[in-house]
Amino acid sequence: MKKTILVVDDFASIRDFVCETLQRKGYDTLGAANGTDAYQLLAQQPSVDLVLTDYNMPDCTGFELLKKIKSNPTVAKVPVIFLTTESNPEKMRSAKDAGLLAWIKKPYRSETFFAQIENALVNG
Amino acid sequence: MDSNQKRFVEDALDLLNELDEGLLQLEANPQATAPLEQVFRTMHTIKGGANMFGFENIGNLAHHLETLYDFVRQGKMQVTDGLISITLHAFDKVRDLLQEKDATKIANAAELNDHLKIAIEFLKNAESTNIAGANQTKIGKDELATFFLRITPTINITQDGNHPLVFILKDLEALGTAQTFCYSNAGNEVANWDMFLSTTFPQTEVESYFIFVDKECRLEITHLASGDLFGCKEFVKYIDNHRSTPVDPTALFELAQKSAAKVKTDSVQEPDDETSSKNKKKNHNDTYIKVSKRKIDDLLNWISELIILQAQLVNTSSGVNSQELTEVTEHLEMITNHLRDTSLEIGLVPMETLVTKFKRLVRDLSKSLNKKVNFLSEGADTEMDKDLIELMTEPMIHIIRNCIDHGIETPDERKAKGKAEHGTVKLKAFNTNSYVNIVISDDGKGIDKEKVLAKAIEKGIVSATDSLTTDEILNLIFHAGLSTASKISDVSGRGVGMDVVKQKINDLRGYVTVKSEMGKGTSVHIKLPLSRSIIEGLLVKVDETRYIVPLNVVDRIDRINYENLCLDNLVNKSVLVNEELLSVFSLRHRFHAKTNAPKTTDVISVTVNGVRKGISVDRIEGKMQTVMKPLGDVYQQQDFIAGSTILGDGSLALVLDPSRLFQMSNN
C-alpha cells in the first residue's frame, strides 16, 4: 500500500516542490500550510504514515506541532521529521527530546532525504 | 527560470509584502513581539526558499538580516529606525530583482552585495557595542579546521546499508575534504568508521549531525588542528597507513599538532597580503548612505581635473623662486594626493558576490564532472571598482572552470597520486598599492609544459628551435587557439577562452601571469588597476607630439638606427630587433612623415593578443602615472587613441590603444 506523507510548510512553493518530489518516488502526499492545519488534518486522517514539517511557521511552529502530536495518544506514533534551514544544535536537541525522529537540513541531498524518509517509514 | 523557480518568485513576492507590513508595524511598536516574530519568520522562509531554488545571494542577505532580528528577539539589540530602514531597502532590492523574473540576472545582481555589506556592518557594530561572545558572523576568510571522528555503531549495520547513518556520513564528507575508513567485524558488519574531515563548519555543527542517531551510534570527535591537514604529506601518509587498522587517537593528535605547526610555517612564505591591516583601519562605527553612481563619477572627474591642474601648478611654480609659493604647492600636492586616494575608494565595493557565485559554480561544475572540489576564499572583503567586478566575472569564471575541468583530477586519480580526494580551488584577493590582486589556484595536476610546447610548435606559434623559458611556455596558454586537453569537454571548450581572458584583462590595463608545477597545481595571478581612469604608461615623443603607451603591454625597449625602419622598398616589412624579426609600426612614418627624422628610433615591443609587435617612436621620455580623459565626440572615430591626458606643463599627450593601433595598421 502507498504510504502517505503529510508535508507542512507555510511556503507554498517549497511545499509543492517537496510534495512533487515525494510523489515521483511513489508516495501519497498531503499538504498543510501551518502547524494548526496540519494537526487538524492529522486528527481527521490518523492513517498518515509520516509528518514532514518546517520548523519556523506562523501560528503553530513545527516544534509546537511536534509536541501536540506526541501528546495525543491516537497519533503519537506517527513519526515526525523536520525539514528546515534552522541548524541550531540546542533546538535540535530539544526537538529530539520531544520525540522528533530526524532533522533534515535545507537544502538537502536527495539521497539523504529519501534514506531518512524510508528509514522513518520502516522503523518509525 | 524553471517552473519551480517561477512559483517561488510569485510566493516570495507575496511574502515580501507581508514583510513590509510587519516591518512597518514593528517600527510603530518597537516593543511588540507579534510583528517581530512575523518579520523574523518571513525572512527565515525567504531564506530557506531562496537557498532551495538556487538564489543563494538572496538567501545570504536574508540570513544576515535574520541574524539581526534574532538578536532583537534575544533582547541583545533594540529595534531602531536604522535597522528597519536597512531591512526595507534590502528587501526592496530583492523585490525589484524578483520582479524581473530572470534567474541569471538575480544570480548576478551585484546590488545585493551592497545591502549585504550594510547588514554585515550593522551586525558588526551591534556586536562590538553590546554583544560579547555572540555567534560572530565571519566574512572574508574561512576558518578551516581538521577533525577526527570515530563513529561506532551500536546497531547491526553493513557498510552499504540503507540506514540514515550511512548517509549522514556522506553529508558530513560533503562539508569539506574527508577521508573515511570503515572497519568491519567478523560478521561483515561495521565495527566503526574513522573519518578525517577538514571543514569550515564549526565542531558544534558537525556534532549536530549525530543528534538524531545517538541511539544507533557512539561518536568521539577530536579537533585535531586548525587548518587543512590534508595539505600535509606526513598526515596523509599516516592515515593512509591505517586503512586496515584503526589509528590510535592520542598518537594521531600528537602528529596532527606537529603537522599543523609545519603547515603554518610553510604558508608563511606566501606573499603577505595587506588586507588585514587595511581592514583594521575600517571604522567600526561607520554609517552608510546610498549615493548614485553618476555623482561619484562626476566627483572623480573633477578630482582628476584638479590633479592635472595641480601638476601644472608645480611646473609653473618651479620657475618662480619663492619660498612661500613652494610651501603652498607642496601642501596642495599632498592634499590632492589624499583627495585622489579617498575618492578612488568611494566607488569600491567588496567582491563578496563574486565569491558566492563562484562557490555555486564550483559546486555545480564539480558535480557534473564527478570531481570533488573544495572552494576556499580569502579576502572576499577586498574592494574593487564595481564596473571592474562586472567585467571580471566572466574571465574569472573561465579560469575557475579551467581549474576544475583541466586542473583537478578525478578522485581516483588523486587517490592514486597520494593526494586528498577533494581538490581545492582557492581564490585569494588582496590590495597592493593601486592594484587589486586576485590569485586563483588549484592543487590539481598542473600544466604539462612539454605538451603545451609541442602543441605550440605543431600550430606554428613558436618554432622548434626557439629556446623558451618556463614562463614563456606557460604564457603560451594565453595564445589564441591552443588547447592541450586531449579530450574536449563542453565545460572549458577548446582553448578559445584563455586568450579572451587575457584580452579582457589587458583591456582593463591589468596583468595576468600563470605559475604551474606538474602534479602540484596551477595558480593564475591577476593584477588589476583599482581605477579605470588612472593609467600607468610610457611617455614617448614623436616629432613634437607626446603619446602614452600603456605599460602593461610593454615587453622591452630597443634603440635602433632610423634607416633600418625605411622598409618601403622591401617585401618583408619586419625589422630585426634584438635578433628577432618584429613587425614594427612607425608612428613617425604614419603621422609625422613630413618633418626630419632623428638618427635613432626607440622600438617598444608590445604583446597584443598574444602576438609580439613593435611601435617605433623618436624618444622615450619616461614612465608616468596619469589620469586618462576621454577625447571629445569629434575624435570618437579615432579608436586607436584610448584617451588623452594633460601633462604637467599643460600640454596634451595621447594615450594609445595598442591592439586597435595594430588593427588599423593591418587594414
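**Questions about a two-chain model**

Reader: Which residues have the most contacts inside the largest nonpolar core?

Author: A nonpolar core is a set of buried Ala, Val, Leu, Ile, Met, Phe, Trp, Tyr and Cys residues joined through C-beta atoms within 7 Å. Buried means that 20 or more other C-beta atoms lie within 10 Å of a residue's own; exposed means 12 or fewer, partly exposed is in between, and C-beta atoms are placed from the backbone. The largest core has 82 residues, and those with the most contacts inside it are A:Leu6, A:Val51, A:Ile81, B:Leu68 and B:Ala119.

Reader: What kind of model is this?

Author: Residues are numbered from 1 along each chain as its sequence is written, while chains are lettered from A and ligands numbered from 1 in the order in which they are written. Local features need pLDDT of at least 70, side-chain atom pairs count only at pLDDT 80 or more, and totals for chains, interfaces and linings use all residues, as the model is predicted.

Reader: Which residues is B:Leu68 in contact with, leaving aside its neighbours within four places in sequence?

Author: Contact here asks that the C-beta atoms of two residues, placed from the backbone, lie within 7 Å. With those sequence neighbours set aside, B:Leu68 is in contact with B:Leu83, B:Ala119, B:Phe122, B:Leu123 and B:Ala126.

Reader: Which helix gives the most to the side of chain B that touches chain A?

Author: Across the two chains, 25 residues of chain B are in contact with 27 residues of chain A. Helices H1 (3–28), H2 (33–52), H7 (164–173) and H8 (203–208) of chain B each supply at least two residues of that side of chain B. Helices (H or I, at least four residues) and strands (E, at least two) are DSSP runs, numbered from the N terminus. With nine residues, the helix that gives the most is H2(B).

Reader: Which strands stand at the edges of the open sheet in chain A?

Author: Five strands of chain A form this open sheet in the order S2-S1-S3-S4-S5, with parallel pairing; strands pair if DSSP finds at least two bridges between them. Each edge strand has a single partner strand, so one side of each is left without a neighbour in the sheet. The edge strands are S2 (28–32) and S5 (102–105) of chain A.

Reader: What angle does helix H5 of chain A make with S5(A)?

Author: Axes are lines fitted to C-alpha atoms, for helices over the stretch in contact, and angles run from 0 to 180 degrees between N-to-C directions. Helix H5 (residues 110–123) lies across S3, S4 and S5 of chain A, and its angle to S5(A) is about 165°.

Reader: How many residues of strand S3 of chain B are buried?

Author: Strand S3 (residues 190–199) of chain B pairs in the antiparallel sense with S1(B) (residues 145–153) over seven bridges, and with S2(B) (residues 176–184), also antiparallel, over nine bridges. S3(B) is largely enclosed by the rest of the structure, because the buried residues number seven of the ten.

Reader: Which residue takes a positive phi in the hairpin of S2(B) and S3(B)?

Author: This hairpin has five residues between the strands. The phi in question is near 65°, and the residue that takes it is B:Asn188.

Reader: Is B:Asn370 buried or exposed?

Author: B:Asn370 lies in the loop between helix H14 (352–368) and strand S6 (373–378) of chain B, and its phi is near 55°, a positive value in a residue other than glycine. Because B:Asn370 has 9 C-beta neighbours inside 10 Å, it counts as exposed.
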